[in-house]
Structure formats: structure tokens, C-alpha cells
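Dear colleague,

I am passing on a structure that I have been reading through, and I would be glad if you kept it open beside this message. My notes on it follow directly below.

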Amino acid sequence: MNVSKVMVVGAGQMGSGIAQVCAQAGYQVLLNDLKQELIERGLGVINKNLSRNVEKGRMTAEEKQDVLGLLIPSTDLSDAKDVDLVIEAAVENMEIKSKIFAQLDEFAPAHTILASNTSSLPITEIAAVTKRPEKVIGMHFMNPVPVMKLVEIIRGLATADEVYQVIEEMTKTLKKVPVEVNDFPGFVSNRVLMPMINEAIYTLYEGVATKEAIDEVMKLGMNHPMGPLTLADFIGLDTCLYIMETLHEGFGDDKYRPCPLLRKYVKAGWLGKKTGRGFYTYE
Ligand SMILES: NC(=O)c1ccc[n+]([C@@H]2O[C@H](COP(=O)([O-])OP(=O)(O)OC[C@H]3O[C@@H](n4cnc5c(N)ncnc54)[C@H](O)[C@@H]3O)[C@@H](O)[C@H]2O)c1
């Protein structure tokens, strides 16, 4: 099967990045969100990223226009009627994702592969709301998408081998490196990363050190490019909380309990960089 037209659902930080790399690889991309202004915000981010590439001599102004020309706004999931692949990157919430997948299953043609960029929710459960579980797969991009090389490719219980192969090949055309992972809570990346971030939040909560000190220890001591609290702000504290809850519920092990301070920040609407305030404040 050949993928030529893609729909990306959700034009937030991940969806806009995924749409950008798909368009840069020459795919026609429908960028879908609930409202036109949310799509425009996503397109604005893509425009800015591409302009930076032009300034740095990584692409010409003409190439930038060609990429932008491949991006088509959509506020209606029924636009999936003529796409070969949908990559869903809406919020990390099972109820919302289930509704989206049930609708996509209705609107998309039989051959269309439905992928989710979920950070931690079970692909098998998302697939079960469709009549095509063999064509449902996880494509877990890393943030920021245009920069990070990895895509975790998650096989659900029913994912067909052929579908896995198509997605592995497609990922390579995006100049990304696919890594195969089975469907367990948090997959590999977030099963290892998120408990570390949660522990850093506990360290702050218990007054072991200041936020700056915690980040400094992990940067200078462990050679991490950014500290765990800064990283949590970049990921989004709501997303971090969803992932910890998924690990906690999925494994039934209290070692994954989310830190009360993380819950408090999310309840306050301090979601990190995207809302201007998380552990740190942003312009
Ligand atoms: N932030 C990260 O670092 C990161 C990394 C990898 C994967 N993810 C996953 O990617 C997904 C998106 O995360 P994000 O950080 O881009 O979130 P975000 O909040 O920036 O964007 C989510 C977008 O989805 C839209 N949306 C919500 N419901 C929708 C619907 N029914 N139909 C269409 N659009 C809808 C919202 O309007 C918003 O624009 C989540 O599943 C998250 O777990 C996030």
C-alpha cells in the first residue's frame, strides 16, 4: 500500500510538528482541529519553523512555499474520506481519542491506516472501538517533532504485519528512525522517562532542593540536555499527569502514583510552556 495523503488530527504542539515533517517529505496533509483558529495557530508555528530553516540556509523560500502549499486546513473529520493514513495527535484522553477513532473508522476508506501519537494510552483499546483493529497502530513522535529522530512504532494486539511494514517505511521517508515496541502502558519511552520526571517533582515537593538545583543536578551530573522539571514544562504538565495515571492504572503499582504537586499545578491551569506557567514562567 502506498501512502500519499495524510490527515493529522489535532493541530497542537505535536500535531503541527507531525504535519510539518509530513509536508516536508512531500505528503499532502490535511491538518484537522476543532476550530479554524486552532489550525491557524498550528500553521503559524509551522510557518515560523520553516522561515527559520530558510534563514539558516537549510531550505529555499520556494521550497518553503511548496511545503506550505501541501497543508490543507480541516475542521471536519469526514475529510478523512480520501486519505491513506490518519495520525491522531489530539489530547491525551481515552474518551476523546475513542470518539475520534470511532468517527474516523466511519469516514475513512477501508484501506486507511489509523495511527495514534498517544504517549501512553493502549493502542489495543483504541483499536477496539473501530471495525479495523488490524489497521490501527501507534506512531509515537517525540517533541519537538521536526528535531527529534525517534518514532516509537507500537503494535496493538491485532495490528497486521503489513500495516506495521507500511508505517515503518513511511516513518523512514520522514527521515525519522522507527523503533518497534509492544503495547504496554507508557511503551518504552514514557515508562522510563515519566517516573523519572515524577520523582523529580516529588523531590521538589518534599523540599529536597529547589527546582533550579534539581534541573542542574540532572543536566550537569547525568548529561541530560535539559533538567526534568524544564522537560515536564515542555511536554505539558497535563500530558505528564495523564501518562502517570495511565501507568498507575495500567500496572496497578503504587510506584507510579502521580505526585500531588503535579496534580495541583494541573488543577491550577499551570500546564507548562504552553500556558506560560508551569514549574517555570515563560513569556
Ligand atoms: N507534548 C509532548 O511532548 C508529546 C510527545 C509525544 C506525544 N504526545 C501526545 O500527542 C498528543 C497531543 O499532545 P500535544 O502536546 O500536541 O497537545 P496540545 O494540547 O498541544 O494539542 C492538542 C490539540 O488537539 C486538539 N483537539 C482536542 N480534541 C480534538 C478533537 N476531538 N478533534 C480534533 N482536535 C482535537 C486541541 O484543540 C489541541 O489543538 C497527546 O496524545 C500526547 O500525549 C505529546
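The chain is divided into two parts, domain 1 (5-182) and domain 2 (190-274), with bounds that come from an automatic or database domain assignment. Please bear in mind that this is a predicted model, in which local features need pLDDT of at least 70 and side-chain atom pairs count only at pLDDT 80 or more, while totals for chains, interfaces and linings use all residues. Residues are numbered from 1 along each chain as its sequence is written, and side-chain values use heavy atoms, with hydrogens and water left out.

The C-alpha centres of domain 1 and domain 2 lie 26 Å apart, and eight residues of domain 1 are in contact with eight residues of domain 2, where contact means heavy atoms within 4.5 Å. About 660 Å² is buried between the two domains, and carbon and sulfur atoms give 50% of that area; buried area here is the accessible area (1.4 Å probe) that two parts lose on being put together, summed over both. On the side of domain 1, Gln-13, Glu-92 and Ser-120 lose the most area to domain 2, together 55% of what that side buries.

Turning to the ligand, 26 residues surround it, and the closest are Met-14, Asp-33, Glu-92, Lys-97 and Ser-119; a residue counts as near if one of its heavy atoms lies within 4 Å. This shell draws at least three residues from each of domain 1 and domain 2. The largest share, three residues, comes from α4, and α1 (13-24), α2 (36-55), α4 (94-107) and β6 (136-141) each supply at least two. Helices (H or I, at least four residues) and strands (E, at least two) are DSSP runs, numbered from the N terminus.

Among the polar contacts, which are pairs of N or O atoms within 3.5 Å, an oxygen atom of the ligand is 2.9 Å from an N or O atom in the side chain of Asn-117, and a polar side-chain atom of Asn-143 lies 3.1 Å from an oxygen atom of the ligand. A nitrogen atom of the ligand is 2.9 Å from a polar backbone atom of Ile-235. The protein covers 89% of the 830 Å² of accessible area that the ligand has on its own, as computed by the Shrake-Rupley method with a 1.4 Å probe.

Asn-143 is also joined to Pro-144 by a cis peptide bond, with omega about -5 degrees, and Pro-144 lies in the loop between β6 and β7 (150-155).

With best wishes

Definitions and conventions
A polar contact is a pair of N or O atoms within 3.5 Å; within protein, one must be able to donate a hydrogen and the other to accept it, and residues adjacent in sequence count only if both atoms are side-chain atoms.
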